[in-house]
Structure formats: structure tokens, C-alpha cells
Amino acid sequence: MPRQSLLGFGCLNQGIERLKALNCKKVLVVTDAVLNKTGLVSSVTDRFVAQGIDAVIYDGTLPNPTTANVSEGLAMLNRHQCDTVVSLGGGSPHDCAKAIALLATNGGEIKDYEGVDKSTNPCLPLVAINTTAGTASEMTRFCIITNEQTHIKMAIVDQNVTPAIAINDPELMLGMPAGLTAATGMDALTHAIEAFLSANASPVTDAVASKAIKLVAQYLPRAVKDGTDRKAREQMAYAQYMAGMAFNSSGLGYVHAMAHQLGGKYGLPHGICNAILLPHVMTYNLPVSAEKLSDVARYLGCDVYGLGAQEAAVLGIKEVCRLLLEVGVPASLTEQGVKVEDIPEMAINALKDACAATNPRQGTQAEIEQIFKNAL
């Protein structure tokens with residue numbers, strides 16, 4: 001967990017005061033071109049300058065951040081002798097910033113740290129300012145970077161990439177378009193459900209995951225329908241944060257292991273990949289997770305009174321499908337241009353992904369291939 005986490009409307013100002021307390025002189029702001037063009041980045045960096053903190057902006061982060069993005073950002077950090085990294089945006093800038101901050105103190109290339117806790121030194125001071133309600137990357141030890149040579153998304157799961165300060169000010173989320181709101185919200189729901197079903201789940205992770213599921217089910221449709229709904233935006237910020245708390249400790253599952261392959265191979269949006277795969281992986285896990293899936297159905301708001309675990313679980317899976325339709329997320333991988341001939345390679349790599357280890361039902365390559373096909 002970050003040493004400090006700030007949530008709620010207006011907390012950005014408090015976060016900048018905390019940033020000043022780090023005694024930093026010059027920060028590298030890692031963001032993307034879209035946020036920079038909208039003026040959001042300058043509105044934040046102007047506040048830095050007012051506090052006597054210089055800011056250098058790297059806005060080259062791609063939607064699926066790459067090894068090249070990390071190298072470019074690191075070179076800029078070194079060239080300008082920045083002493084702190086600030087990520088501003090959603091999961092992509094946060095992950096890119098984490099990788100830059102890690103290499104700044106550990107050296108080497110980011111591929112050297114693929115896996116779990118491969119680094120030795122804490123990263124450069126890192127502050128994550130979040131603008132979406134989905135990835136929870138602003139507070140986790142997870143960092144996902146695409147290897148441009150192999151087209152595989154590398155999972156760096158390392159306590160040393162956890163930001164020092166996480167800032168979730170819903171004011172920054174009010175302008176999110178409906179499509180992005182839906183995709184990131186379904187990412188949060190996937191985090192919560194996979195963490196709840198994880199082989200490493202505990203009473204602690206179950207507590208925050210279950211609350212996150214309830215909040216997403218209640219407030220995501222509202223946030224998609226009306227982006228200025230302040231109550232919905234704030235509750236989604238809490239939901240995605242709690243989902244992050246859950247999977248940060250319990251791990252994830254096959255949805256993420258498979259979605260990483262789709263992102264690496266085709267450059268598809270992570271939230272969309274998760275959303276399409278989620279009901280299919282829930283169905284795959286049903287034989288070993290019926291009881292917990294019946295709980296998921298209740299958290300989603302389904303009336304499961306008098307139903308057995310199996311029936312209730314199926315109702316919950318159907319509710320996820322209904323929610324996907326309500327928020328306008330695409331229903332199939334075919335719509336995203338996924339080719340059946342690429343499935344065997346993606347299945348092999350999914351089983352190697354760090355997220356696969358905690359799926360409650362461990363499968364074969366053939367079974368993973370079938371899940372991909374079911375989602376076509």
C-alpha cells in the first residue's frame with residue numbers, strides 16, 4: 001500500500017502539499033498526449049510551480065505502455081536530473097512511471113524485473129495522481145509493460161513500484177467520456193471478482209472486494225449515463241481503490257492473464273478485454289467456485305433467495321453480461337479483430353503470466369484456448 005492515500009473531492013490540493021513535503025525540487029510528470037492537449041496536465045503542473053517545484057513533462061505514454069516509453073521517460077528524467085516521478089492519468093501513465101522510477105534506482109532494463117519482487121532497491125519517490133476509476137495502478141505493486149520485441153505484456157509485481165502517495169480526486173474524473181468510464185469501470189469489477197475468487201483470497205481481501213463489487217454494480221451505470229454525477233464518480237473512485245486493495249494482496253486470475261495477451265498482441269484496451277473475457281472465465285471457474293460465485297451474484301444485486309449455489313452463480317454470470325450491455329461494452333473478441341489462428345500462442349503465454357497462478361481452477365492450454373474461442 002502507498003504510505004499515504006488521499007481520496008475524495010478536493011484532495012489534489014492536499015496531495016500537492018504532501019508532494020512539497022517530500023522536499024523534491026524537480027519532478028518528471030509522466031502522462032499521455034491526450035491529457036496534455038486537454039490542458040489538464042498544465043492545470044496540475046501550474047500548482048507545482050506555485051509551490052516552488054519545477055516540472056518536466058513526458059507525454060509519450062501509449063494506451064499499452066511499452067519498453068520504448070519507459071526508455072524515453074527514463075532518459076528525460078536523467079537528462080533533467082529529476083528527483084521525483086509524478087504519474088498523471090490512468091493505468092498507462094501510472095505503469096510507465098512505475099517502470100521509470102524503478103529503473104532509476106535499480107538500473108538495467110524493465111524486462112529484467114518481470115515476475116515477482118525481482119528488484120533490490122526502492123524506486124525513486126513516486127506520486128500517482130489518478131484520473132480514471134478502474135486500474136487502481138495508483139496504489140498497487142503491479143506494473144504492466146508491453147515488450148515491443150515479443151508483443152507480450154510483462155507483469156512486474158514488485159513492492160518497490162508501489163507509489164509513495166496515491167491521489168484519487170473525483171474532480172479529475174468528471175470529464176471522462178462514457179466509453180472510457182465503462183471500460184475502466186469494468187476493469188475495476190474484474191479486479192474485484194477475480195480477487196474474490198482467487199486461490200489466495202482471505203477474509204481481508206474478501207471484505208474490500210465484495211464492497212467494490214456492490215459499488216460498481218450500483219454506480220457504474222450512473223457514471224456512464226451522466227459523467228457529471230458527482231456521487232457516482234466519487235463512489236467509483238472508492239470502488240476501484242478497494243478492488244486494487246483486494247488484488248494487490250490476493251492476486252488475479254485467468255481474465256487478466258488472457259487480457260494481457262490480447263493487449264500485447266493487438267494493442268486492445270485492457271478494460272475492454274477484461275470485460276469481454278470476464279463472464280467466460282467465471283463460467284470456467286464455476287465447477288470449483290460455485291459458492292463464491294453465488295456470493296458475487298448477491299453483491300451484484302441479484303435476488304438469489306431460495307436458489308442453490310450453482311443456480312445463483314449462473315444468475316450472477318448473466319448479470320455481468322447484462323451489465324456489459326447496459327454500459328455499452330463490446331460483447332465479443334471478434335468485434336475487436338481477434339483472429340482464431342493467434343489463440344494457441346496467446347493461450348501458451350497466458351499460462352506463463354503471473355496472474356494465472358492464483359486462478360481458482362488451474363487449466364490446460366486446450367482449456368484456455370477454448371475460453372478464448374468462447375469469447376469470439
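The second largest cavity is lined by A133, M176, T181, T184, G185, L220, A223, R233 and M236. Its volume is about 30 Å³. This is a predicted model, in which local features need pLDDT of at least 70, side-chain atom pairs count only at pLDDT 80 or more, and totals for chains, interfaces and linings use all residues. Residues are numbered from 1 along each chain as its sequence is written, and side-chain values use heavy atoms, with hydrogens and water left out.

**How the spaces are defined**
- A cavity is a set of points, on a 1 Å grid over the protein atoms alone, where a 1.4 Å probe fits but cannot get out.
- A pocket is an open set with protein on both sides within 12 Å along at least five of seven lines.
- Lining residues have an atom within 4 Å of a point.
- Grid points are joined across faces, edges and corners, and a volume is the space filled by probe spheres set on the points.
- For lining classes, Ala, Val, Leu, Ile, Met, Phe, Trp, Tyr, Cys and Pro count as nonpolar, Asp, Glu, Lys and Arg as charged, and the others, Gly among them, as polar.
- Helices (H or I, at least four residues) and strands (E, at least two) are DSSP runs, numbered from the N terminus.

**Second largest cavity**
- Helices α6, α7 (203-225) and α8 (230-250) each give at least two lining residues.
- α6 supplies the largest share, three residues.
- The lining has five nonpolar, three polar and one charged residues.

**Largest cavity**
- The model holds two cavities of 30 Å³ or more.
- The largest cavity has a volume of about 50 Å³.
- Its lining consists of I193, E194, L197, L252, G253, V255, L278, V281, M282, N285, N359 and P360.
- α10 makes the largest contribution, four residues.
- Eight nonpolar, three polar and one charged residues make up the lining of the largest cavity.

**Second largest pocket**
- The second largest pocket has a volume of about 170 Å³.
- T67, V70, S71, L74, L103, G108, E109, I110, K111, N147 and Q149 line this pocket.
- Helix α4 (residues 67-80) gives the largest share of the lining, four residues.
- By class, the pocket lining has four nonpolar, five polar and two charged residues.

**Six-stranded sheet**
- Six strands form an open, parallel sheet in the order β1-β9-β6-β4-β2-β3; two strands pair if DSSP finds at least two bridges between them.
- β1 (4-7) and β3 (54-58) are the edge strands, each with a single partner, so one side of each has no neighbour in the sheet.
- The twist averages 15° from one strand to the next.
- Parallel strands β6 (residues 126-130) and β9 (residues 165-168) are joined by four bridges.
- I129 stands opposite I167 in β9.
- Helix α5 (residues 91-106) lies across β2 (26-30), β3, β4 (84-89) and β6, at about 165° to β4.
- Contact means heavy atoms within 4.5 Å.
- Axes are lines fitted to C-alpha atoms, for helices over the stretch in contact, and angles run from 0 to 180 degrees between N-to-C directions.

**Three-stranded sheet**
- Three strands form an open sheet of mixed pairing, in the order β5-β8-β7.
- The edge strands β5 (115-116) and β7 (142-147) each pair on one side only.
- β5 and β8 (residues 152-157) run parallel and are joined by two bridges.
- V116 has V157 in β8 as its bridge partner.
- Helix α9 (residues 254-266) lies across β7 and β8, at about 130° to β8.

**Annotated domains**
- UniProt positions are given in the numbering used here, feature names are shortened, and annotations may be inferred rather than shown by experiment.
- UniProt (unreviewed entry) places "domain: Alcohol dehydrogenase iron-type/glycerol dehydrogenase GldA" at residues 2-170.
- Residues 2-170 are 34% helix and 25% strand, and their end C-alpha atoms lie 19 Å apart.
- For residues 181-375, UniProt (unreviewed entry) lists "domain: Fe-containing alcohol dehydrogenase-like C-terminal".
- Residues 181-375 are 73% helix and 0% strand, with end C-alpha atoms 22 Å apart.
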